[in-house]
Every structure is written in C-alpha cells, then in structure tokens.
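Please keep the sequence and the model in view while reading.

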Amino acid sequence: MVNHSGAIRPAPAPRTPAATACVIVGHGVMGRIQGAKLAELGVRTVAVVDPRQAGTVLASGVPVVGSLDEVPAPRSVGLWSICTPTAAHAAVFRRIGRLAPEADVIVEKPVCAPGDVPEMCRVLDAHHGRVSVDEHYLSSAVPEAVAEAVLSVPGAAVTRVVVEMTKHRGLDRTRGRFEDRALGALGYEGPHLLAVLDALGLQLGMSLTPASAATCAFDGAWGPDGSPPQDGAEVSYRTATGCEVVLRTSLVGRPGPGRRSQPSIPYGSRRRHRVLQVEATDREGHVWEVIGAFAPTGLRDGDSGTLAVLRDRLPLAPPQVLYDDPLGRHLRRILRYFAGAGPDPAPARHCIGHVALLHQWVSTARAAAAGRAAVRPAA
C-alpha cells in the first residue's frame, strides 16, 4: 500500500487476540520495551521478575518481585516472557515449566547460550505450552520490500547479499549491559543477521544457507579464556547457487566498506547503520542493487526505514520510506500463534539452529586465531 506521500505502508494488521495476563522476567532495556509493546497489543503485565528492582512498584502499578517463586498464582498466568541475559534463559525457562507448565512463553533472542542447547531442547520437549522467540527481524517489512523489488526485475539472478548491523555499544557497556562471552559480537547481532537472511530467503523463494565453508573474522582481541572479541565480526560464504553472502556487525561504530561509505558512529550516539543489500543481474546484463535500511535509531523511536533501487549504479528514483514496526508486528504474530490463529513466526528449534551455526563459526574463527598465534615469531 502506498500513501499520498509516496511512502510504502503495509496493509492494516488483523486485530490482536483478546488480552491476556503476562509476567516479564528481566526488566532491562528489552524487558521494558517488550512490556510497552505488549501493552499496546492489549496484554496486561501482572508482575515483573528482577532481583535488582525487587520490592518496588513500577509507575504502571506493576509489582516487581525478586524471583520466579514469588509470582502470585503462577498457574493463572497464561503468558511469560523471558528477557534476562542469554546465559539465564534455559534455567529461567526450566523454572517456568515447573511453575506454569501450560503457559505460553516468549524467549528473547538469542534463544539460549551455545552450551545450553541440550538443556533448552529438553525443556522444550517437556513444556506443554507454546513457545516462540522474540526474533523480531523475522517480521520486519524491510526484507519483504527488498524481495518484492528484486522479484519485480525480469529474470533477476541474485549474486550477492549483504546484511550489516552496526552501532556503538560503548555506553551500553559502561551501563552494565551484557556481553556475550560465548559468541562475542555475533551473540549480540548474529541472530538478527540470520533472521534478516531467513526472512529475505523466504520472500525470494531461495535458500541462502551456506554451501561452502564460511570465513569468519572478528575485530578486537580474543580473551585469555578463548572468549571471542566483542568489537565486531564478519562472516562470508557462498550458497548452492553461487550467491555470495556477507554478514557483518560492528559494535564500536565502524560500518563496513562499501561503495557508499558511511561515517563512523561516535560513542554515546543512538544512530545505527542497519542495512540489507541485494545485488542481482537481469537477462540483459544490467546490475541491480536493492538496499533496505532499517530504522536508524532502533526500536524505541520511529518506525521508518528506507528502500533504494539502483540499476547499473544509478538510482531509479529517490529512496522510499518504509513504515516498519518489527517488534510490534512480531509480537502480534506470536500472540496470534499462541491463540491458534496463525503459524509460529520464530520456532524455538529453528532459532536454536541459529545459535548452533553461530557457535560453529566462532569455533572456526577461534581455531584460525590460535593457528596464527602458534606460528607468530617470538619477539
């Protein structure tokens, strides 16, 4: 749908299912954002679990308790949302399963730490309620718009896909936001990168999974314990059709190289460089570039990205505005799934596969880094 200003606007979403009660476990940044979005969708938060804020009452009147065992009448709560640091996801889910075995559960991405995959699978097998992952880039309008533009080119063959998510996390780190010791920079943005790739492949009707060994390189120093760097990472590989895929992230504000270079993002800035770029060649040999940019300041403000289409490096028209609320749209789809009115937009086992793939890439990069260190001449 196109409005009078020429911006692309998605069709109105169906009405969200009837409101339900929810407990949010973890009241950090994502817990607060998710709680607000759920409220917009008619879901009432009846309790928040966060030991750092235990005994307080939120401005909305919701009580904060220090542990899952303190939630009043847990079996009466139909929806629980896990927004704790990744390392706690499996243990929190296990406890929810004992307190409210029939409840539906939302798990913030990444669904679990690599070392917790077996435990998470066991808990999933034992749980009687529905489970879905808050990997909201699976529901973004940007991959859909990019795919639609590519498919509109007669005979287009996709040759290259680049997904990049860059910001400066320096201020986050000083405020104590988590660092992923297992996956490094790929733990923070890696699931998002793979989700965008999944969404694009689904819309294009093609597989974008690796058919060759991937190259994975990190920015920054490896920890003495072998923990991967937190500054940034890049993964590249080719698919079965020969398409080159590049997944890139920088958490120190350094966008990757490209024809349209981007300025570095300074410490403290909320600006983000989050793009999906697809290159394709048509039947006549023309090279097309379709570039979708996600909202530049994240989930808390604004709901607009942009779409640009170029042929032989020349823009066909000014960039169009994309109205995009990936988190709200994703949570709406999850609630429909929980109500039995739609498919699961982010199956937990599929997202566990993302964690396993990221762990494989980290292991490959760790081995390569160790090999380089072993052959380095002594000073």
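## Overview and confidence

The structure is a predicted model. The chain has 379 residues, of which 50% count as buried. Its secondary structure comprises eight helices and 15 strands. Among contacts with a separation of 6 or more, 68% are between residues 24 or more positions apart.

The mean pLDDT of the chain is 89, and 90% of the residues reach 70 or more. Where pLDDT is low, the predicted coordinates should not be read in detail.

## The parallel sheet

An open sheet is formed by six strands in the order β3-β2-β1-β4-β5-β6, with parallel pairing.

Ile-24 has Val-48 in β2 as its bridge partner.

## Val-65 in strand β3

Strand β3 (residues 64-65) contains Val-65. Is this residue, Val-65, buried or exposed? Val-65 has a relative accessible area of 12%, which is under the 20% limit, and therefore counts as buried.

Beyond its neighbours within four places in sequence, Val-65 is in contact with Val-48, Val-49, Asp-50, Pro-51, Ala-54, Glu-70 and Val-71. One of these, Val-49, is 16 residues from Val-65 in sequence, while their C-alpha atoms are 5.0 Å apart.

Strand β7 (residues 157-166) is mostly covered, with seven of its ten residues buried. β7 pairs in the parallel sense with strand β10 (residues 244-250) over seven bridges, and Glu-164 stands opposite Arg-248 in β10.

β7 is also joined to β11 by nine bridges, and these two strands run antiparallel. Here the bridge partner of Val-163 is Leu-276 in β11. Leu-276 also stands opposite Gly-292 in β12.

The antiparallel pairing of strand β11 (residues 273-281) with β12 extends over seven bridges. The two strands form a hairpin with five residues between them, and Gly-285 in the turn has a positive phi of about 90 degrees.

β12 pairs in the antiparallel sense with strand β13 (residues 304-311) as well, over six bridges. In that pairing Trp-288 has Arg-311 in β13 as its bridge partner. Six of the seven residues of strand β12 (residues 287-293) are buried, so this strand is largely enclosed by the rest of the structure.

## Helices α2 and α3

Two packed helices are described by the angle between their axes and the distance between the axes. For helix α2 (residues 89-99) and helix α3 (residues 117-126), the axes come within 9 Å and cross at roughly 20 degrees. An angle under 35 degrees counts as roughly parallel, so α2 is roughly parallel to α3. The crossing of α2 past α3 is left-handed.

Which residues meet where α2 and α3 pack? In α2 they are His-89, Ala-90, Phe-93 and Arg-94, and in α3 they are Glu-119, Met-120, Val-123 and Leu-124.

How values were computed. Residues numbered from 1 in each chain as written. Predicted model: local features only at pLDDT ≥ 70, side-chain atom pairs only at ≥ 80, totals over all residues. Heavy atoms only, no water. Buried < 20%, exposed > 50% of the residue type's maximum accessible area, 1.4 Å probe, protein only. Helix = DSSP H or I, 4+ residues; strand = E, 2+ residues; numbered from the N terminus. Pairing = 2+ DSSP bridges. pLDDT = per-residue confidence, 0-100. Axes fitted to C-alpha atoms, helices over the stretch in contact; angles between N-to-C directions. Parallel < 35°, antiparallel > 145°, perpendicular 65-115°, else oblique. Left-handed = near helix turned anticlockwise from the far one by under 90°. Contact = heavy atoms within 4.5 Å.
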